[in-house]
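Thanks for making time, everyone.

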Amino acid sequence: MFGKLTERQALTIRMVLAAVWILLIVSLFWDPITIALTRPDNQYSPFRLNRHAGGDFAEQYHCPLYIVDPESGEERVDWGEHQAGVCDDRCLRVQGRCVVERPYSMTPRIFWAMIVPIIPLFLMVFGHEAWRRVCPLSFFSQIPRMLGIQRVRRSINPDTGNVEKKSVIVGPGSFLDRYHWFLQFGILSLCVVARILFVNSDRMALAIFFLGFIGAAIATGYFFGGKTWCSFICPIAPIQKVYSEPRGILESQAHQPKQAITQSMCRRPVRNAPDVGTCVGCVSPCPDVDLERFYWDGIEKPGRRFVYYGYLGFVIAFYSYYTLYAGNWDYYFSGAWTHEEDQLARIWDAGFYVAGYAVPIPKLVAAPLTIGLLIFASYGVGRLMEAAYDAYRRRKGRPLTRDQLLHRTFSIATFLTINTFYMFGGRPNLNLLPELLLGLIDISIVVLSSFWLWRTLGRNALEYRREGLAEGLRRGLRRLNFDFTQLLEGRSLEDLTASETYVLAKTLPGITREQRFRVYKDALRDALLSGYADASSMATIQDLRQNLELSEQEHSRAMMELGIEDSSLLDPERLRSQENLLRLDNFRGAIESLLKQWVQEGTPIKLALQQPKVIRQIQSLQVMYNISEQEQAEVLPELLDERGMLVQDARKWVGQLQDMAHWHGAINSLELEHQTSIALLNNLISQKQVIVIRRLLNVLQVLENSPDGVVLAHALAQLAPEEVDTLLGSRFSFEGYDTDWTDLLHAETLEILESKPQGKPNVGESVFPNQDYQEFLRNPPEPKEVLSSLIRGGEVIFQAPALYILSRFDRAASQEEGRRLLAAGKSDSVSRNLAKVLIANGHRDGGPAAADAPYLVKPATTFRKLLLLYESSFFNHLPVDDLARLAVDAEVRSYAQGSTICRQGEPSDEVLLLSKGTVDVIIRTEGKEWKFVMSQPGETIGEIGVIMHSPRSATVVAGESSAMVVAMKGDLFEAFVGQDSQTAMSFMRLAFERLQRMSSQVSR
């Protein structure tokens, strides 16, 4: 469930919880709020100290109170109706002494009796992944990583002599790796003893206690990478494991199907992209990658058994000690232990009070003695129950495997532990609730824990391993090209359980033994890659082989073939684990992202890899993922060879070039009255071609003159010769380099690109299609087919021009495509506007002009206005999106001969583009008048006044014939000039040319 939570969301939750915790710590030093809740005169608070109210002691308690004498201002004890020194019969007693209480800060009570009791049920319901993703201590331990100040270990690579930097992790077989169960449980026990002795109610001690934990988490995060704090040191981890293993009620399954980011594994957020894993393999198997695998693989470890059996005694000991110390249960259930005064001064008092007598063992000794004895006693009882259950199963003739036996006894111990815990946990506050609500809470806890026990008891390691191998089995079945639809009655392979998949692989109709062998081989490869099995231990897949009725000899044959195909699969020196696989995959993904970014930006890969900042970036990724120099040296060539991401993407780009070459040929075969729309669509296709070619040149730089490089160069030279020439001749700057592609490409591939050879090259096998494209280019598809594909293709930028061109020669087809486009809902406003007009048979509302306007508003779609702007050299360099924003609110106006278009001295609030006809520009100044003729369509009027925020400098009148102009809003035009340097340069050039033309006319 929480696995779907993004890391940005989880980080926000962790930060909020950490902030709340810090606020609680601050309240231990200064708390002006919660003290008021415990004042005896606060009738609205359920936590008030009330000596005189009646009722059962289970609902509220009654003790003498400290009060302030209103006359003298002195503090004294209010004994009510009793004489001084005489206790109220209903008063709380500790070791026979009446406890005198005063209003207190509730922070310890809030933390110990409200927050802490929620954790076990939260773990059982939402599981391990939920806790590990929101735990505030986990947040504190990751602060050094987020700040980039983690300790790294430097070593010299003996092969290269280079310095390797890797994050420090707990090594296999180290002290922490072997004994962390005992260490964490020991720290937890010491913390609980410290609670009883020092920090339950002493606010300063509690603040130091909390700050110490935060400091320890941060320090561990500095000294060790990954989640070392969570996995090896944190004392909360044993509680978390007991209540959440092997899986919580709503826990996600990490191993079914395989995922790049699983459960609560280390990850980091990426803006506008999925989370990226940051696993460094600090522990294997890792509970954050696959909790259930961690559970089954380590179920026989002595530390796990000690914690599971001893934890029940730990819970009983903790809550029982309050009674053993005070001599009654009221001391615990009242919550007085959260604000008992002088707690530190009482550690040398008698530690036990039994049958009215104080036992002279100091509390400092009695508390750890009680905790320790009951832990070991509980562990001993657990071992006895385990042996008894094993003997019982054997007598019945149904013996259990070792992991099944331990799993069932662990599950029962957990069930008993959580129900025992909730007999006491949170009761000081829960007992204040109405009896009905309290009963519902108790029933809910029992129901949830019983449901957890029911679904957990039947779980076993074999079922888990089957699920882990099922995905590889499904992959093998898919390769059979068998139609499973009818056989599975509408279900897909992904819908089948692991057991159903096993049965299907064995009983599939018509499947031959050789096909079963191939399916088994695929599953075996998957198991070796993911670490479910290695070359020396194949126990995890023996069940699969037996289910498929294959022999040992066939298994050996599969291993031999796999070893030939990929020798690293059987290399005992290679670390094969799910954690290692994820670590390498995530590093590979990070490098892939860098390569894709460079390719998309047109950055030459080889130049980029030589840059110091890129080298540092890759080194930081090596440290982040704990990658050795050898592993890094293997990853980069994998990405750049014929099977790598770059070449696989290039295959798709060559296919796109083929499509675009056909588009050009089909569109250019059309003969329309107005060619502007065809020119616009050709320009848009060429822009996309340039982007694709730039990416392919980058790939070609890596492939050099290999067979793949030669075939790719031939394809580029034939499919887009003009665009290739343009790119080869254009220089660009990169990190101080002033270069072009002719300097970067191999001489042989460069010769192919420049000579434009025909036919196909005589080379070996290639991942690219090796063909002569000339015949392909001479037979473009029908224009109607191409235009329809562009409209439906999903690339919004092509839709409007393709729809417009189609309407010029096939109105019915354009209307049908317009309906489809509107129904699909994947189009921009320009395309939608054009489609609606076409469906309405060309009816367009141009909008009425003002009553005294000297012009008519001509009806025009947004796209038609865009075309009029595109015809002007002033605008045709702008992206189509920008032209559309200018066009959407523009008007097409028609002025009769002699009509005034604008007057000198009027505000400059519009820019006018002359689209048709001529205009006279008249300037009057100092009693003189100059007249200039503007006759070139595409020229602008009034742009200088708009930019300079000055009145019109001339009067413009329609010339010898009518004039048509496109009127654009001045503020929008000004914004475009300001944001686009090329438009600004065009503006300056236009102003200069106009000034020159007017000067020459005046001189004549």
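Let me start with a question: where is Lys756 placed? Lys756 sits in the loop that runs between helix H32 (747-755) and helix H33 (774-778). Before I go on, keep in mind that this is a predicted model.

So, what about the backbone there? Phi of Lys756 is near 55°, which is a positive value in a residue other than glycine. As a reminder, most residues other than glycine have a negative phi. And is Lys756 buried or exposed? Lys756 counts as buried, because its relative accessibility is 18% and the cut-off for buried is under 20%.

You'll find Glu549 in the loop between helix H21 (539-547) and helix H22 (552-565). With a relative accessible area of 44%, Glu549 is partly exposed.

While we're on the backbone, let's do the cis peptides. In general, most peptide bonds are trans. Here, though, Glu245 and Pro246 are joined by a cis peptide bond, with omega about -5°. Pro246 belongs to the loop between helix H10 (237-244) and strand S7 (267-270). Then there's the bond from Ser284 to Pro285, which is cis as well, with omega near -5°. Pro285 lies in the loop between strand S8 (273-277) and helix H11 (291-297).

Glu817 is part of helix H36 (residues 811-824). At 4% relative accessibility, Glu817 counts as buried. So who are its partners? Which side chain makes a polar contact of 2.6 Å with the side chain of Glu817? That would be Arg792. The side chain of Ser788 is also joined to that of Glu817, by a polar contact of 3.2 Å. If you leave aside neighbours within four places in sequence, Glu817 is in contact with Ser788, Ile791, Arg792, Leu803 and Leu806.

Next, the sheets. One of them is an open sheet of four strands, in the order S15-S20-S17-S18, with antiparallel pairing. Why is one side of S15 and of S18 left without a neighbour in the sheet? Because strand S15 (900-902) and strand S18 (928-934) stand at the edges, and each has a single partner strand. On average, neighbouring strands in this sheet are turned by 30° against each other, ignoring direction. If you want to trace a pairing, S15 and strand S20 (residues 955-958) pair in the antiparallel sense over two bridges. Cys902 has Val956 as its bridge partner in S20.

There's also an open sheet of five strands, ordered S13-S14-S21-S16-S19, and its pairing is antiparallel. At its edges are strand S13 (855-858) and strand S19 (940-941), each pairing on one side only. Inside that order, strand S14 (residues 891-895) pairs with strand S21 (residues 963-969) in the antiparallel sense, over five bridges. There, Val892 has Val966 of S21 as its bridge partner.

Helix H1 (residues 7-29) packs with helix H2 (residues 107-115) at an angle of about 140°, and their axes are 9 Å apart. That makes H1 oblique to H2; to be called roughly antiparallel, the angle would have to be over 145 degrees. Who makes the contact? From H1 it's Trp21, Leu24, Ser27 and Leu28, and from H2 it's Thr107, Pro108, Ile110, Phe111 and Ile115.

That's my tour, so over to you for questions.

Terms used
Residues numbered from 1 in each chain as written. Predicted model: local features only at pLDDT ≥ 70, side-chain atom pairs only at ≥ 80, totals over all residues. Heavy atoms only, no water. Pairing = 2+ DSSP bridges. Axes fitted to C-alpha atoms, helices over the stretch in contact; angles between N-to-C directions. Buried < 20%, exposed > 50% of the residue type's maximum accessible area, 1.4 Å probe, protein only. Polar contact = N/O pair within 3.5 Å; in protein donor to acceptor, adjacent residues only side chain to side chain. Contact = heavy atoms within 4.5 Å. Parallel < 35°, antiparallel > 145°, perpendicular 65-115°, else oblique.
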